[in-house]
Amino acid sequence: VGVRVQAQVVKLSEDPAQFMADAQKMMAMSGSPAYVKAAKNLETLWLDSRLTQNHQKSIIALSRRMVAKGYKPAMPHFEQFFSGINAAFNGTYANPAEVDNYLTVATQVVETYDTKSALKYFETARNLFENRLIYLSNFNRLFALEGTFSFRFVDAAADAAKATDPTKPVAANDGWGSVTADSTGLLSSDTAYEKKPLPTVTGALIEFKNVNLVMTTANDSVPITQTNGQLAVREGIWLGKGGKMTWEMAGTPDVYVTFGGYSFNVGLPKIMTDDAKLNYAAKLAQPVDGLFEYESKRRPKGQPSAYPRFVSYQNDAQLKGLSKNMRYKGGVSLVGLKLSSGSLSQEPSTLIISNGNKTAFKSTSRRFEFADSLITSPLASFATYLGDKDSLYHPAIRLSYNDSEGLVKVQKAERTGYQNTLF
C-alpha cells in the first residue's frame, strides 16, 4: 500500500516554481533530515542567478526521468543529485563552469546505467565538488588536488575499435619473483615478463589535468604529482598519463620515477606500471626505464619500507659513485632503499674488479646487492686470474666483495647442482 501511495504522490511538474515545491514534498516523504536538507539547499540555489534557466530545465527533466524509471524518494539518488548540484556552485571545490557537462553526463548515466552505477556517479561528482575526493572508504582515500576536472560520456560502441582487454593476464615474472639456478649457474626465472596493455575506458568519465593524486591510508600518504588522467566512474578505473612519485616514504625524496601511461583501481591503495623511468642521481649515470610498483602496507616499527619498488627492463644501466677499480654494467632494482641488479630481461649483470691495469676478478649474476661499499650475491659465476695464463673459475658461488677493503670472499652456493664442482 505504501509503495502505491508513494507512486501517486511523486509527481514533479515541468514548471520551475511548481517543480521546486514538488521536490520539497518528494524529499520530505523519505523521512530523512539529510534528504530534506538537500531539497532546501536546492531551493535556495534555485533563486541564485548563477543557476540559469537551462540548468533548471535540465535538472527538472532529469528528475522527472528518474521518477519515470522508478527512482524513489527513499533511495539516496535524489539526495546525492541535489547535493551535488549545490556543491557544484557552493562546495569547497565548486566548479560552476562544469555544471552543463555534469548534467549532460548525468542524463546519459540515468538512461544507460543501473541504479547502483548511477548512484556511484552522483556520489563521485558530489565528493569532487565538496572535497576533491575520487574514492573514500574506511581504509583508504584518493584525492585529486589542484589542476582541473571535467565531465564527458564516451559511447562504448563508438570506441570499440580501440578497445583492449584490461583482464589480459600478465606473465608470472613481475621482476622480483622466485628464482632458480639454470645450467649456467646464474639466476633465472621460469617466465619472461609480458608488458600489460592499458585498458580502454568508456561511459561516464571525469577528465583531470595537472592534478596531484594523493593516496592516503593509516600507513602512508603518497602523491603522484602533476599527472593527467581519466576516471571511469562505473568501473572505478583511473587511466593516467605522466606524473611523478618519489621515494619520500622510504626516506629519500630525491629518488623518483616519472610515468608514461598507467592505470589502477581507485579503490585500492596500490599502483603498478611498466611505463616508468627511475631517476636516482646519486647512483645512476642516466635515468632507467622499467616497471614500478607501490602498495600501502603496514610495516613493523623500525623495519625498512618494501615500497616503492622499481626494476629495469634491461641490464644496461651504469652506476655512479663506484671506485675507480670497479666496473659494473647490469640491471637496477630498487625495493624501498635496497638496491640490487635485477632486470626484467633476466640477462646477467657483470661486475669487474681491477688491480692496477689488470683484472682481479670478474663475476656475473642476475642478482648483485649493493650496500655502501659492500657488494654481495647469493648466486654468481666467478673468475679470477693468476698471472697471464692461469685462472680459477666456478659457475655457482656466493659472493661478498668489500670495495673499501679490497677484500673478496667466495663460497660454493648450495642446491645448485654445482656444489661439488671444483674451481
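**Helix packing around H7**

**View 1. Helix H5 crosses helix H7 in a left-handed manner.** A crossing is left-handed if the near helix is turned anticlockwise from the far one by less than a right angle, and right-handed if clockwise. The model is predicted, with local features requiring pLDDT of at least 70 and side-chain atom pairs counted only at pLDDT 80 or more, while totals for chains, interfaces and linings use all residues. Residues are numbered from 1 along each chain as its sequence is written, and side-chain values use heavy atoms, without hydrogens and water. The axes of H5 (residues 77–90) and H7 come within 8 Å and cross at roughly 25°; H5 is therefore roughly parallel to H7 (angles under 35 degrees). Axes are lines fitted to C-alpha atoms over the stretch in contact, with angles from 0 to 180 degrees between N-to-C directions.

**View 2. Residues of H5 meet residues of H7.** On H5, the contact (heavy atoms within 4.5 Å) involves His77, Glu79, Gln80, Phe81, Ser83, Gly84, Ala87 and Ala88. Their partners in H7 are Thr115, Ala118, Leu119, Phe122, Glu123, Arg126, Phe129 and Glu130. The contact residues divide into 7 nonpolar, 5 polar and 4 charged.

**View 3. Helices H6 and H7 are roughly antiparallel to each other.** The axes of H6 (residues 99–112) and H7 (residues 115–131) come within 9 Å and cross at roughly 160°, where angles over 145 degrees count as roughly antiparallel. This crossing, too, is left-handed. Tyr102, Val105, Ala106, Val109 and Val110 of H6 make the contact with Ala118, Tyr121, Phe122 and Ala125 of H7. These residues comprise 9 nonpolar, no polar and no charged.

Conventions:
Helix = DSSP H or I, 4+ residues; strand = E, 2+ residues; numbered from the N terminus. Parallel < 35°, antiparallel > 145°, perpendicular 65-115°, else oblique. Nonpolar A, V, L, I, M, F, W, Y, C, P; charged D, E, K, R; others polar.
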